[in-house]
Amino acid sequence: MKVIDKIYIDGAFVTPHGTQVLDLYSPIDNTLAAQVRLGDERDVQHAVHAAQAAFKHFAKTSKAERITYLEKLRDAFIRRQQELIDVMVQEYGGTLQFCTMIIQFAAHDFNAMIDTLKDFELTRKIGTGTVHLQGVGVAGIIIPWNMSNGFIVTKVATAIAAGCTVVIKPSEMSAQQTQLIAEVFHEAGLPKGVINFVNGLGDVVGAEITRNPGISKISFTGSTGVGKLIAKGAVDTMKRVTLELGGKSPNIILPDADLESVLPVAVAAAFLNSGQACAAATRLLVPKEKLNEVNAIVKRIIDGTKVADPRDMDTQIGPMVSVKQFERVQEYIGIGIAEGAQLLAGGLGKPSGLEAGNFVQATVFTGVNNSMRIAQEEIFGPVLSIIPYDNEEDAIAIANDSPYGLAAYVASADQDHAYRVAAQLDAGRVCVNGLAHDSLLPFGGFKQSGIGREYGAFGLEAYLEPKAVLGLG
Ligand code: NAD
């Protein structure tokens, strides 16, 4: 069993002032995997002081210096890439396939931010004056457990590019992953106080980050409910906020799409990260006249979907992160049954042979009405709803009939047609004919999926304050 009893402040691993110890269990078999000593408000205050002191110098670094720091972080990250993948699989049960992809994307995020910064004008002549874009100050970074180090890399790379210093609060369930990435960043050798980590609970450490006047901006990824709490708290000190929240993303299969080729991708998009992904395509919208054909193909795909130990390279769905998350997904499967949706595959209970861990059956409801709770609410597990539509106008209306607007997907044999439909969807990212990612393009939500964008130039602007300098002389 691992013991994590240090946090990282001012360039050193230190014992937290907080004394609460939390047990962390393996999602694969629920054995005790680690114990973490949590930080408290005093630890946040200590980290904020360090970050404020570091900001005085770091804000004045040149573009070239920041690029060098980003390169050092990237190189240190790549050196320990395999360990970063392994701890991700073990700690929260992400599949080896998914975790490998995420850590590779994260390494690439440093390069994408280096390219963004190279092309980004931090000083601009506009009208009669000059606009200087300066780092907003100390950034508080609060993130969930479902892709912890991927989120940390995206946010830290952007903060460094902007000349900001950071205090990071990962999920208390991600302590082992946090320990490793803190070591990686320490090895990169940035000036002390630029990057700080405080493990702790949301209503203790997260709340102090939200409240602390030394923090100028919060970049939060997590649930819509907690995002609203943070936004409300942050306004007291007028912190800037970027909120990356929940989703219930639609995937429109247009009538001309080849079902045999698009449906395997649609199922993979729904079960991304074992369904624990904000951008998972959990509402599959199909032409009404093709519903029976879709049902038959999806059933066949699910029969061949491997729910198993996430350490096996061919596992497609691993366990839920915790017993609590398992129970939440079970509750939603029960709700779908009670609402009268037709269970096409999966259902309540664990897959046989996997009773020790937090495994859920790959579950598909069909004939779902978009007003049902299973179509409106984020489940965050491997549960797909197939929703029939009458015509294209109806499909677009159903897709947009959601409190969320994070991602959307469209499939068609006619690429231009798919783009015309994509243009009518209220979502921050729309993928046409497949799953795609580009770390230069903005990511974030319409409606209750969030405020602001991450990645590329849009993400960088969110860590900068424009200052106009003008005069008569
Ligand atoms: P969560 O909102 O419960 O927790 C996220 C983080 O906020 C954790 O670090 C938690 O400790 C902290 N927190 C909790 N209460 C707090 C408070 N009162 N003040 C400050 N911080 C607090 O989310 P989760 O269960 O860890 O993750 C799942 C959610 O994250 C899902 O809703 C999912 O859609 C969302 N998510 C969004 C994106 C995105 O990019 N849009 C990506 C991944 C996950």
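Visitor: How much area do domain 1 and domain 2 bury between them?
Guide: About 2500 Å², with 60% of it on carbon and sulfur atoms. Buried area here is the accessible area (1.4 Å probe) that two parts lose on being put together, summed over both. Keep in mind that this is a predicted model, where local features need pLDDT of at least 70 and side-chain atom pairs count only at pLDDT 80 or more, while totals for chains, interfaces and linings use all residues. Residues are numbered from 1 along each chain as its sequence is written, and side-chain values use heavy atoms, with hydrogens and water left out.

Visitor: Which residues of domain 1 lose the most area to domain 2?
Guide: Ile28, Trp145 and Ser449, which together make up 22% of what that side buries.

Visitor: Where are the domain bounds?
Guide: Domain 1 covers 2-245 + 449-469, and domain 2 covers 250-439. Those bounds come from an automatic or database domain assignment. The C-alpha centres of the two domains lie 30 Å apart.

Visitor: And how many residues are in contact?
Guide: 27 residues of domain 1 are in contact with 35 of domain 2, contact meaning heavy atoms within 4.5 Å.

Visitor: How many salt bridges are there between the domains?
Guide: Zero between domain 1 and domain 2. A salt bridge needs a side-chain nitrogen of Lys or Arg within 4 Å of a carboxyl oxygen of Asp or Glu.

Visitor: Which helix gives the most to domain 1's side?
Guide: That's α4, with eight residues. Both α3 (81-92) and α4 (96-119) supply at least two residues of the side that touches domain 2. Helices (H or I, at least four residues) and strands (E, at least two) are DSSP runs, numbered from the N terminus.

Visitor: Back to salt bridges: how many does the structure hold?
Guide: 16. One of them joins arginine 300 and glutamate 260, with the closest N and O atoms 2.9 Å apart. Arginine 300 sits in helix α10 (residues 291-303) and glutamate 260 in helix α9 (residues 259-270), 40 residues apart in the chain.

Visitor: New topic: what is the strand order in the open sheet of three strands?
Guide: β6-β7-β23, with antiparallel pairing. Two strands pair if DSSP finds at least two bridges between them.

Visitor: Why is one side of β6 and of β23 left without a neighbour?
Guide: Because β6 (123-126) and β23 (464-469) stand at the edges, each with a single partner strand.

Visitor: How many bridges does β7 make with β23?
Guide: Six, between β23 and β7 (residues 129-135). Valine 131, for example, has alanine 468 in β23 as its bridge partner.
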